[in-house]
Amino acid sequence: MSTLFVDTINEKTTNNGVEIPGHVIQVVTSTTSTEASATTTSYVDTGLSASITPASTSSKILVLVNQAVYSFATTFNAIGGVRLMRGSTAILSPFTDGTGPLEPYLEVTNSTGVYNSFRHPIIFLDSPSTTSATTYKTQGRIRMTGSSRTLKFQSAGSGGNGTSTITLMEIGG
């Protein structure tokens, strides 16, 4: 048996580097502490996003999200959700109305003006099949309006930590 020792490996041509299937090729991380709010049933950007340019169309992107959420309702439960977007396409949604898997949603269960700060994790393995720059972001919404139902993202209210993080890991295909 032979052993190969190297100090560096240089790619022969630009953007044609060494890729090993199943190994991490690159990692991109982004954080934000800019507050955003959702008070309607329409999705709004949370302000959390990151872009990555895959080296190969066979690569997969492991998306790791740690979304800071602060919720409030004055008289009834505040039910809302966070979805994951690739560009303008929802790739993981909390409300599917029976057409697919239901991702865990966010809820304030008290009906007397409760504030609730917590973390909403998302882990998703995507196959974008592209070598173009690809942006991933989160969006949030309230499922039912009224009673001052509100979701805030990156809010430090009620003792919460107002920073959210998204990490994109390209995995060789």
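**Salt bridges across the strands**

Let me start with K152, which is partly exposed because its relative accessibility comes to 26%. Keep in mind that this is a predicted model.

So, what does K152 pair with? The partner is E35, in a salt bridge whose closest N and O atoms sit 3.7 Å apart. K152 belongs to strand β10, residues 150-153, while E35 is in the loop between β1 (24-32) and β2 (36-38), so this pair ties together parts that are 117 residues apart in sequence. E35 has 43% relative accessibility, so that one counts as partly exposed too.

How many salt bridges does the structure hold? The count is three.

Next up is D45 with K137, where the N to O distance is 3.1 Å. D45 is in strand β3 (residues 44-52) and K137 is in strand β9 (residues 134-142), which puts the two 92 residues apart, so to speak linking distant parts of the chain. D45 comes out as partly exposed, at 41% relative accessibility.

Then there's R86 with D126, at 2.7 Å from N to O. Here R86 lies in strand β5 (residues 78-86) and D126 in strand β8 (residues 114-126), so the bridge ties together parts 40 residues apart in sequence. Is D126 buried or exposed? D126 is buried, because its relative accessible area is 4%, and the cut-off for buried is under 20%. R86, on the other hand, is partly exposed at 24%.

Now for the chain as a whole. Of the contacts with a separation of 6 or more, 84% are between residues 24 or more positions apart. Buried residues make up 38% of the 173 residues. The chain exposes about 9,400 Å², with carbon and sulfur atoms supplying 50% of that area.

One last thing, on the surface. L4, V6 and I9 form a nonpolar patch there, with about 350 Å² of accessible area together. L4 sits in the segment before β1, and L4 counts as exposed because its relative accessible area is 74%.

That's what I had, so over to you.

Methods
Residues numbered from 1 in each chain as written. Predicted model: local features only at pLDDT ≥ 70, side-chain atom pairs only at ≥ 80, totals over all residues. Heavy atoms only, no water. Salt bridge = Lys/Arg side-chain N within 4 Å of Asp/Glu carboxyl O. Helix = DSSP H or I, 4+ residues; strand = E, 2+ residues; numbered from the N terminus. Buried < 20%, exposed > 50% of the residue type's maximum accessible area, 1.4 Å probe, protein only. Patch = residues over 30% accessible without salt bridge, like charges linked within 9 Å, V, L, I, M, F, W, Y side chains within 5 Å. Areas by Shrake-Rupley, 256 points an atom, 1.4 Å probe, with all protein chains shown as cover. Contact = heavy atoms within 4.5 Å.
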